[in-house]
Amino acid sequence: MGKKRKHSEPEAVAPPKKDDTAPERSKRTLLGWKDSNEVKGEVKDDDSPIFRNKEKVLVACSRRISYRYRHLMLNLVSLLPHCKKDNKVESKETKGSTLNELVELRNCSSCLFFECRKQKDLYLWMAKCPSGPSVKFLVSAVHTMEELKLTGNHLKGSRPILTFSSNFEKDAHWKLLKEMLFQIFGTPKEYRKSKPFYDHVFVFSIVDDHIWFRNYQISVPHNESDKLPRGGLEKMTLIEVGPRFCLNPIKIFGGSFGGPTLYENPFYVSPNQIRALEKRKKAGKYAKKVKAKTRRKMHEIENPLEPDEFADIWKE
């Protein structure tokens with residue numbers, strides 16, 4: 001009998017080593033996160049080359065804020081479906097670094113910080129984190145939705161139409177403010193908490209170097225069958241919803257909550273100076289009264305009355 005042929009055993013193949021290196025982090029831009037392949041110009045076959053807006057806004061306020069300003073902040077939170085509300089932050093010199101950390105932890109790209117001073121003055125910080133720029137506003141003429149009680153109404157979470165007056169194209173700092181307002185107040189397309197239609201308008205207009213904000217509902221007349229008649233869009237009207245407020249720009253910084261000053265408003269007067277002038281006017285009224293008393297006394301001394309002959313008749 002022939003010997004059996006020995007079968008050669010296959011050599012063991014080492015399993016491929018896993019790549020332990022972390023994937024490259026996507027780059028943050030003004031409009032949100034962007035993949036590294038899109039930044040370099042390399043587009044994968046599976047992914048579409050269309051850039052997706054992933055803008056998210058962190059809304060926070062300082063401690064000891066008054067109830068009217070807190071209601072204004074809550075009104076803006078209800079209007080912006082792509083925002084995230086956080087706890088109160090202490091208003092100190094280190095608030096910039098604290099807010100930048102909170103923005104990164106909450107996976108946001110912008111921040112709206114309501115800072116209240118002396119329980120009277122409200123300042124609004126609008127910043128793109130973490131690289132900037134940022135703007136500091138003085139908020140005045142505040143009217144919340146609860147105060148106005150207007151008849152306008154729109155669905156919560158619907159996307160707004162942003163309209164800007166032609167004055168925003170006049171100077172460079174207005175163009176920068178327009179771009180920041182457009183990115184922060186504009187709801188990203190196909191955001192999971194937003195409705196895929198428009199039924200209200202955000203209006204930003206410049207009057208006397210102040211930015212005035214208004215919110216209107218788009219009202220279109222329709223039949224019972226929910227079909228628009230011919231010429232229905234021409235009869236479209238706007239009904240105000242609220243809130244109302246006015247923004248006075250103070251400074252524009254190159255970084256997030258600080259950095260080099262790009263623009264400073266030369267016509268800005270702090271509310272402390274206005275209150276000091278009013279006190280001086282009231283103090284002037286008191287000074288006039290004191291001067292009138294001294295003049296009266298001097299007049300009595302210089303012009304004494306003649307003695308009365310009949311003053312001592314009834315003393316006996």
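Arg117 and Glu115 form a salt bridge in which the closest N and O atoms are 2.8 Å apart, a salt bridge being defined as a side-chain nitrogen of Lys or Arg within 4 Å of a carboxyl oxygen of Asp or Glu. The model is a predicted one, in which local features need pLDDT of at least 70 and side-chain atom pairs count only at pLDDT 80 or more, while totals for chains, interfaces and linings use all residues. Residues are numbered from 1 along each chain as its sequence is written, and side-chain values use heavy atoms, with hydrogens and water left out.

The protein contains 6 helices and 13 strands, assigned as DSSP runs numbered from the N terminus, with at least four residues for helices (H or I) and at least two for strands (E). Of its 316 residues, 36% count as buried. Among the contacts with a separation of 6 or more, 65% are between residues 24 or more positions apart, contact meaning heavy atoms within 4.5 Å. The protein exposes about 22,100 Å², of which carbon and sulfur atoms supply 53%; accessible areas come from the Shrake-Rupley method with a 1.4 Å probe, and for residues only the protein chains shown count as cover.

Side chains of opposite charge can pair when their charged atoms come close. The structure holds 11 salt bridges, including one between the side chains of Lys128 and Glu55 at 3.1 Å, N to O. This pair links distant parts of the chain, with Lys128 in strand E6 (residues 121-128) and Glu55 in the loop between helix H1 (36-40) and strand E3 (57-61), 73 residues apart. Lys128 is buried at 3% relative accessibility, and Glu55 is likewise buried, with a relative accessible area of 1%. The side chains of Glu147 and Arg68 meet in a further salt bridge at 2.8 Å, N to O, which joins helix H4 (residues 145-148) to helix H2 (residues 67-79) across 79 residues. In this case Glu147 is partly exposed at 38% relative accessibility, and Arg68 is also partly exposed, at 24%. Arg63, Arg64 and Glu90, in turn, are linked in a network of salt bridges.

Helix H2 also holds Asn75, which is buried with a relative accessible area of 5%. The C-alpha atoms of Asn75 and Glu146 are 9.3 Å apart in space, although the two residues are 71 apart in sequence. When neighbours within four places in sequence are left aside, Asn75 is in contact with Thr144, Met145, Glu146 and Pro243. Pro243 lies in the loop between strand E11 (237-240) and strand E12 (244-255) and is joined to Gly242 by a cis peptide bond with omega of about 0°. A cis peptide bond, again with omega of about 0°, joins Cys129 and Pro130, the latter placed in the loop between E6 and strand E7 (134-143).

Positive phi angles are found at two residues that are not glycines, with values of about 55° for Gln119 and about 60° for Phe257. Gln119 lies in the loop between strand E5 (110-117) and E6 and is exposed, with a relative accessible area of 56%. Phe257, by contrast, is buried at 13% relative accessibility and lies in the loop between E12 and E13.

On the surface, a patch of positive charge gathers Lys118, Lys120, Lys279, Lys282, Lys285, Lys288, Lys289, Lys291, Lys293, Arg295 and Lys297. Patches are made of residues with over 30% relative accessible area and no salt bridge, like charges being joined within 9 Å and nonpolar side chains (Val, Leu, Ile, Met, Phe, Trp, Tyr) within 5 Å. Within this group, Lys282 lies in helix H6 (residues 271-302) and is exposed at 62% relative accessibility. A nonpolar surface patch of about 440 Å² is made by Phe310, Ile313 and Trp314; of these, Phe310 lies in the segment after H6 and counts as exposed at 56% relative accessibility.

How values were computed:
Buried means under 20% relative accessible area, exposed over 50%, partly exposed in between (1.4 Å probe, protein chains only). Lys and Arg count as positive and Asp and Glu as negative; His and the chain ends are not counted. The place of a charge is taken as NZ of Lys, CZ of Arg, CG of Asp or CD of Glu.
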